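Let's take a walk through a protein model together.

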Amino acid sequence: MTQSRNSTAPVPDDVPEDVAATPLLSKRQMLGYYDHLRATLAAAQASDCEGRPFAQEVAASLVIAWAREVHAEGRKLMFIGNGGSAAIASHMATDYSKNGGMRALCLNDGAMLTCLGNDYGYEQVFAKQIELFAQDGDLLIAISSSGRSPNILNAVAAARVRGCRVITLSGFSADNPLRREGDINFYLASDQYGFVELGHLTICHAILDFACGQRVPLPAAG
Ligand SMILES: O=C(CO)[C@@H](O)[C@H](O)[C@H](O)[C@H](O)COP(=O)(O)O
């Protein structure tokens, strides 16, 4: 065992040379990242379409109530996002269906995306699917870190035409356009994809876990 250069943590002898030669992450750096993520999440903002602020827990409770209502009325949840947010959309559609017992899907099918992108342009890939599949009373969950992706904004507009309710999750600039478009808008004040994406995933997952009655240890008072 040797010692890493910027930490007191021992490095196993069998670590490959090229890894050992790379400056190692310090535990302080790792904890700093985790702390920053927690602080970003704790400060997450939620508002309605007029920009009136909600407490995070009120917004989360409303989402649970709406998701149950949508299901009871035979309607569905639709998740959309690009890149890392597409992965969140897939993950959430799976979990809201399997664990939450709701009709939930994501609009990420590869053949559909390439077809619509090729035929109508990438800016229409979600809007066209909403025109095809959305019903009055469905709930669209639109996830975009920048809050500026045209295909997400177009999808929200298409969902309105169809009579869907909309929940948005965004980040980066506080005046990003998506943040004004949902009935409920979650916003994370960070300009880094990692924090915004992890934050969005955490918010969506926490809402589902609470909806499923999962017990979570409460933080110490004070
Ligand atoms: O993490 C990253 C950025 O490095 C990507 O996966 C990211 O999700 C993609 O660049 C997306 O296209 C970003 O779109 P959006 O979330 O800002 O709407």
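The axes of α4 and α8 come within 10 Å of each other and cross at roughly 10°; axes here are lines fitted to C-alpha atoms over the stretch in contact, with angles from 0 to 180 degrees between N-to-C directions. The two helices α4 and α8 are therefore roughly parallel, a label for angles under 35 degrees. Helices are DSSP runs (H or I, at least four residues), numbered from the N terminus. This is a predicted model, in which local features need pLDDT of at least 70, side-chain atom pairs count only at pLDDT 80 or more, and totals for chains, interfaces and linings use all residues. Residues are numbered from 1 along each chain as its sequence is written, and side-chain values use heavy atoms, leaving out hydrogens and water.

Which residues of α4 and α8 make the contact? On α4 they include Gly84, Ser85 and Ile88, and on α8 they include Glu197, His200 and Leu201, where contact means heavy atoms within 4.5 Å. By class, this contact has seven nonpolar, five polar and two charged residues.

Now look at the ligand. Among the residues around the ligand are Asn82, Gly84, Ser146, Tyr193 and Glu197, each with a heavy atom within 4 Å of it.

Conventions
Angles under 35 degrees count as roughly parallel, over 145 as roughly antiparallel, 65 to 115 as roughly perpendicular and the rest as oblique. Ala, Val, Leu, Ile, Met, Phe, Trp, Tyr, Cys and Pro count as nonpolar, Asp, Glu, Lys and Arg as charged, and the others, Gly among them, as polar.
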